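Please open the structure in your viewer and keep the selection tool at hand.

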Amino acid sequence: MKLSTFKNGIHPKSFKHFSNRKKIEEMQVPEEVFVPLQQHIGKLAKPIVKKKDEVKTGQIIAETDGFISSTVHSPITGKVKAIDEFDHPSGVRAKMIHIKKTVDDEWELIDIPKNWKDATKNELIEIIKKAGIVGLGGAAFPTQVKLSPPKGKPIDSFILNGVECEPFLTADHRMMLEYTDKVLTGMAITMKILGVKNGYIGIEDNKPDAISQIQKRVMDLNYDFKVIPLKLKYPQGAEKMLIDAILKRKVPIGGLPMDVGVVVNNVGTVFSIYEAVTEGKALVERVVTVTGDGVKEPKNILARIGTTFKELLEFSGGLKDETNHIYMGGPMMGVSQHSISVPMIKATSGIVCSIEKSVNVKVSPCIRCGTCVRVCPINLIPTKLSRLSELSKYDELGKYEIQSCIECGSCLYSCPSNIPLVQWIRVGKLKSH
Ligand code: SF4
Ligand code: SF4
């Protein structure tokens with residue numbers, strides 16, 4: 001069978017074997033959590049608790065501030081110890097609410113209808129907003145905004161993103177296997193909100209067990225969703241690549257999926273939608289993969305937001321003595337970590353630990369081989385963007401569509417001269433915005 005895919009891209013080693021057969025383990029409720037006010041794209045949430053306040057699990061502790069913002073909840077039952085700046089996994093100091101556990105969970109749940117099928121679109125969106133759901137594939141865009149496209153942008157298709165193309169990560173794979181029915185119900189709820197009939201589930205063909213499990217349950221439960229096996233290629237899970245592979249629609253440069261009538265959500269996000277709408281649970285926990293050759297027992301873990309990396313690593317048997325690197329996310333788009341005291345946030349899909357020694361990678365001049373241009377899935381000219389940014393010629397970057405770069409890292413991965421293309425492009429994006 002010919003598998004669907006997109007043009008260009010690369011084939012990095014997948015390293016999924018560390019954890020793709022490990023069942024999801026639920027971690028004990030941590031003794032303390034550090035909950036950042038910024039865990040999403042958009043405006044910082046506004047704290048509504050103060051030091052010494054008692055809070056329940058699922059209680060709102062910070063409210064949305066503006067249209068693009070997201071609610072933040074307490075992941076445990078306890079007492080607010082401080083609202084202060086702590087180390088954030090993005091590498092900066094950021095405002096967080098530090099809570100110490102007092103008793104085991106006492107939940108505060110969101111009001112939900114008896115049957116979600118009887119709820120209106122607006123009622124369902126309000127629950128998602130109250131639950132603080134954001135895109136869990138890494139982008140952390142507030143979901144209530146994504147599911148409310150403006151009037152001039154009619155949506156006809158929804159794609160469930162089960163690709164998880166980033167090397168090492170297996171959380172979505174395990175959720176498709178272990179939480180199948182909940183994921184499919186979350187997809188049905190999302191499609192009801194969008195008012196669309198066409199539902200697609202894209203899964204790379206390195207997860208044949210997930211493809212057959214999802215296909216089976218789609219048939220058993222009488223859903224009219226189409227399961228689309230996709231060719232193994234990076235970055236197949238990027239929204240634009242997924243839409244191209246499944247629907248053969250091209251999102252215009254500088255555009256969004258809604259410009260071609262599509263909304264894409266990943267597996268973790270629709271699972272959270274299921275939990276909010278049918279159980280009244282806010283987004284206070286997620287599945288995270290702790291993996292790599294630098295950790296003793298790689299695992300997929302259901303853990304509370306705000307749990308420190310240190311605790312997650314201890315739950316995974318601890319770090320090996322020879323561990324050299326830790327990333328949040330995978331090695332292609334992840335963020336290198338300098339401390340394990342940082343907390344997991346809503347966007348933490350994985351913690352990847354590596355024993356690979358730092359080698360002084362020698363950067364050489366560009367040899368104009370064109371490889372970076374051939375692999376770029378967005379058809380940009382990475383060498384040009386990087387060079388203009390390095391020369392501080394930020395005014396010229398717009399005409400080369402720098403803002404369309406999805407920072408997938410394919411160009412950097414392929415460059416024989418080891419030029420830090422993505423790093424220069426990131427600088428250029430910031431300076432020319
Ligand atoms: S220029 Fe951007 S989108 Fe293109 S390969 Fe490089 S990082 Fe990916
Ligand atoms: S891959 Fe590297 S060496 Fe080749 S053209 Fe691009 S920047 Fe130059």
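Two strands are taken to pair if DSSP finds at least two bridges between them. The model shown here is predicted.

**The sheet.** Select β3 together with β5, residues 60-63: these strands run antiparallel and are joined by two bridges. Within this pair, K46 is found opposite E63 of β5. The three strands make up an open sheet, ordered β3-β5-β6, with antiparallel pairing. β3 (46-47) and β6 (72-73) are the edge strands; each has a single partner strand, so one side of each is left without a neighbour in the sheet.

**Helix α7.** Next, select residues 267-279, which form helix α7. Its 13 residues should span 18 Å at 1.5 Å a residue, and this agrees with its end C-alpha atoms, which are 18 Å apart. Is this helix mostly covered or uncovered? It is mostly covered, as eleven of the 13 residues in α7 are buried. Among the buried residues are V267, F271, I273, Y274 and E275.

**Ligand 1.** Finally, select ligand 1 and the 16 residues around it. Which of these residues come nearest? They are C376, P382, C405, C408 and C411. Of the elements, α12 gives the most, with three residues. Coloured by residue class, the shell around ligand 1 divides into 13 nonpolar residues, two polar and one charged.

Conventions
Residues numbered from 1 in each chain as written. Chains lettered and ligands numbered in written order. Predicted model: local features only at pLDDT ≥ 70, side-chain atom pairs only at ≥ 80, totals over all residues. Helix = DSSP H or I, 4+ residues; strand = E, 2+ residues; numbered from the N terminus. Near = placed C-beta within 6 Å. Nonpolar A, V, L, I, M, F, W, Y, C, P; charged D, E, K, R; others polar. Expected span 1.5 Å × (residues − 1). Buried ≥ 20, exposed ≤ 12 C-beta atoms within 10 Å, placed from the backbone.
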